[in-house]
Amino acid sequence: MLSIFLTNFPQFLQGILTTLELVFTSAILGLLSAICLVTLKQIHSTIINKIIETYLFIIRSTPFLLQLYIIYYGSMQFHFINHSFLADIFKSAYLCALIALTLNTSAYTTIFLSHTLNSINKKEILVAKSLGFSQWQINKCIIWPQVLIKILPIYSNELIMLMKCAAIASSITILDVMGVTQQIIGLTYQTIPCLMIAGIIYLILNMLFNLPLKYIYNKHHLKLT
Amino acid sequence: MLSFYTTILKASIVTVSISLLSMIFGLLLGSLLALLEMNKSKISYIFNIFSALVRSLPDILIIFFVDYIFQEILTKFHINSNPFISGLLSLSLIVSAFSSQIFIAAYNSIPKNHIHIANSMKLNKLTTFKHIIAPQVLHFSLPALLNLTLVILKDSSIVSLIGLNDMMNAAHIASADTFNPFNYYAFAALIYLIMSWIIIQIQKWFKVNDKCGELYA
């Protein structure tokens with residue numbers, strides 16, 4: 001098993017880098033868009049709430065593979081995408097996977113961000129308002145530090161699910177870890193050692209995501225209580 | 001072109017059947033795995049490691065792995081392998097790993113007093129299980145198990161990559177024939193939406209009407 005890994009090391013490295021790029025960019029973009037969606041939800045307008053609820057419901061109920069296929073294969077059916085500048089975006093498999101992963105994570109992250117926002121102590125906000133804090137200062141000093149730390153355990157779970165979804169992107173000819181494994185299985189016909197190498201790589205990537213978040217959470221969450 | 005839509009509808013039966021069957025087998029395996037994991041003997045850490053592995057590795061990797069091993073074993077006996085059965089096996093493994101954690105969490109949230117009281121009343125283990133532990137574990141674990149059904153409904157789409165003729169495959173074939181992939185994939189998405197909506201309504205109904213732990217709440 002080690003010999004297969006060492007002889008094909010450049011390809012495995014390329015696959016690991018592609019996976020890491022996909023996961024990091026979609027995690028950051030997803031988190032930012034989730035924060036935007038949650039602040040939109042706080043406005044309490046019924047139309048915006050209904051739109052966001054339908055978006056969340058659609059993304060929660062359909063499989064990720066289906067979302068990926070709709071964005072990659074389905075977008076080429078429309079004339080206005082095919083013959084404009086958008087064609088370059090939707091033809092490239094990497095950008096389609098990035099869009100689909102960002103939509104997926106932002107939906108799940110908005111759900112538990114909104115739950116965490118509702119679970120903050122309302123008294124703190126009342127006291128801050130009575131002391132004369134502006135809304136921007138309340139957000140910056142009281143709400144968001146608490147929320148971002150409270151969310152870290154759930155968010156590390158979400159990152160693992162993101163990584164599992166990014167492995168599905170290999171079915172659209174992206175050469176991430178799963179794609180490279182399938183390529184090398186086709187070359188060497190040694191299925192079980194290659195799949196075990198892929199499993200070990202995924203376990204190491206899991207630890208890479210979890211340990212920093214766990215360290216930050218353990219360092220800061222006692223300040224909240 | 002109406003016939004492609006009916007093909008996708010007929011293929012939805014395969015999707016529903018593989019997810020329901022893998023939930024049933026997976027729950028049975030998962031309760032067994034939960035019992036094995038809660039045991040604090042020296043050998044039981046293997047089951048903890050197994051469950052952690054299956055939970056953290058991507059589902060597509062587990063499906064490919066189990067499919068390859070299943071094919072290898074069956075070709076030694078000269079039987080043709082079936083993507084339905086290998087998908088069923090791998091999905092049941094995944095369900096068992098997740099549901100064992102749900103059962104352990106539900107068992108740990110029963111108040112400890114109940115088991116002490118049962119002990120002091122000299123009820124034997126079968127009676128405590130049947131009247132005290134099982135209803136409360138069901139009461140606490142049902143929302144999470146319905147969530148898991150939603151997750152497995154969506155994971156069953158990955159089994160189409162092995163060759164199962166489910167909705168994704170039917171939509172793929174239909175889109176290759178007529179060059180309108182969006183219509184058929186959107187129709188498959190609509191069927192998934194309807195199935196998920198039904199499960200979410202069941203979840204809401206259980207939240208309002210659960211009589212499982214009423215006496216012991």
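**Entry 1: A:Thr105**

I looked up A:Thr105 and found it in helix α7 of chain A, residues 93-118. Helices here are DSSP runs of H or I with at least four residues, strands are runs of E with at least two, and both are numbered from the N terminus. The model is predicted, so I kept to its limits: local features need pLDDT of at least 70, side-chain atom pairs count only at pLDDT 80 or more, and totals for chains, interfaces and linings use all residues. Residues are numbered from 1 along each chain as its sequence is written, chains are lettered from A and ligands numbered from 1 in the order in which they are written, and side-chain values use heavy atoms, with hydrogens and water left out.

A:Thr105 counts as buried because its relative accessibility is 3%. The classes are buried under 20% relative accessible area, exposed over 50% and partly exposed in between, with a 1.4 Å probe and protein chains only. I then listed its contacts (heavy atoms within 4.5 Å). Leaving aside neighbours within four places in sequence, A:Thr105 touches A:Ser26, A:Gly30, A:Glu158 and A:Leu162. For A:Gly30 I also noted the C-alpha to C-alpha distance to A:Thr105, which is 5.4 Å across 75 residues of sequence.

**Entry 2: α4(A) on α7(A)**

I stayed with α7(A) and checked its packing against helix α4 of chain A, residues 64-72. The angle is about 135° and the axes are 9 Å apart. Axes are lines fitted to C-alpha atoms, for helices over the stretch in contact, and angles run from 0 to 180 degrees between N-to-C directions. The pair α4(A) and α7(A) is therefore oblique. The cut-offs are under 35 degrees for roughly parallel, over 145 for roughly antiparallel, 65 to 115 for roughly perpendicular, and oblique for the rest.

The crossing of α4(A) and α7(A) is right-handed. A crossing is right-handed if the near helix is turned clockwise from the far one by less than a right angle, and left-handed if anticlockwise. On the α4(A) side I listed A:Phe64, A:Gln67, A:Leu68, A:Ile71 and A:Tyr72. On the α7(A) side the residues include A:Cys96, A:Ile99, A:Leu103 and A:Asn104. By class the contact of α4(A) with α7(A) has 11 nonpolar, two polar and no charged residues. Ala, Val, Leu, Ile, Met, Phe, Trp, Tyr, Cys and Pro count as nonpolar, Asp, Glu, Lys and Arg as charged, and the others, Gly among them, as polar.

A:Cys36 is in none, and the nearest cysteine sulfur, in A:Cys141, is 20 Å away. The criterion is a pair of cysteine sulfur atoms within 2.5 Å. A:Cys36 lies in helix α2 of chain A, residues 9-41, and is partly exposed at 48% relative accessibility. Its C-alpha is 17 Å from that of A:Ile99, 63 residues apart along the chain.

A:Cys96 is buried, with a relative accessible area of 0%.

**Entry 3: two helix pairs in chain B**

I took α7(B), residues 167-177, with α8(B), residues 181-209. Their angle is about 160° and their axes are 8 Å apart, and the two are therefore roughly antiparallel. α7(B) passes α8(B) in a right-handed crossing. Among the residues that meet are B:Met167, B:Ala171 and B:His172 of α7(B), and B:Tyr184, B:Ala188 and B:Met195 of α8(B). The residues of this contact divide into 11 nonpolar, two polar and no charged.

Next I took α2(B), residues 45-56, with α4(B), residues 83-108. The angle is about 115° and the axes are 9 Å apart, so the pair α2(B) and α4(B) is roughly perpendicular. The crossing of α2(B) past α4(B) is left-handed. B:Phe50, B:Ser51, B:Val54 and B:Arg55 of α2(B) make the contact, with residues of α4(B) including B:Leu93, B:Phe98 and B:Gln101. By class there are six nonpolar, three polar and one charged residues in the contact of α2(B) with α4(B).

**Entry 4: positive phi**

Most residues other than glycine have a negative phi. A:Tyr189 is not a glycine, yet its phi is positive, about 60°. A:Tyr189 lies in the loop between α11 (177-188) and α12 (191-220) of chain A, and is exposed at 69% relative accessibility.

B:Lys122 also has a positive phi of about 60° and is not a glycine. B:Lys122 is in the loop between α5 (112-120) and α6 (125-155) of chain B. At 78% relative accessibility, B:Lys122 counts as exposed.
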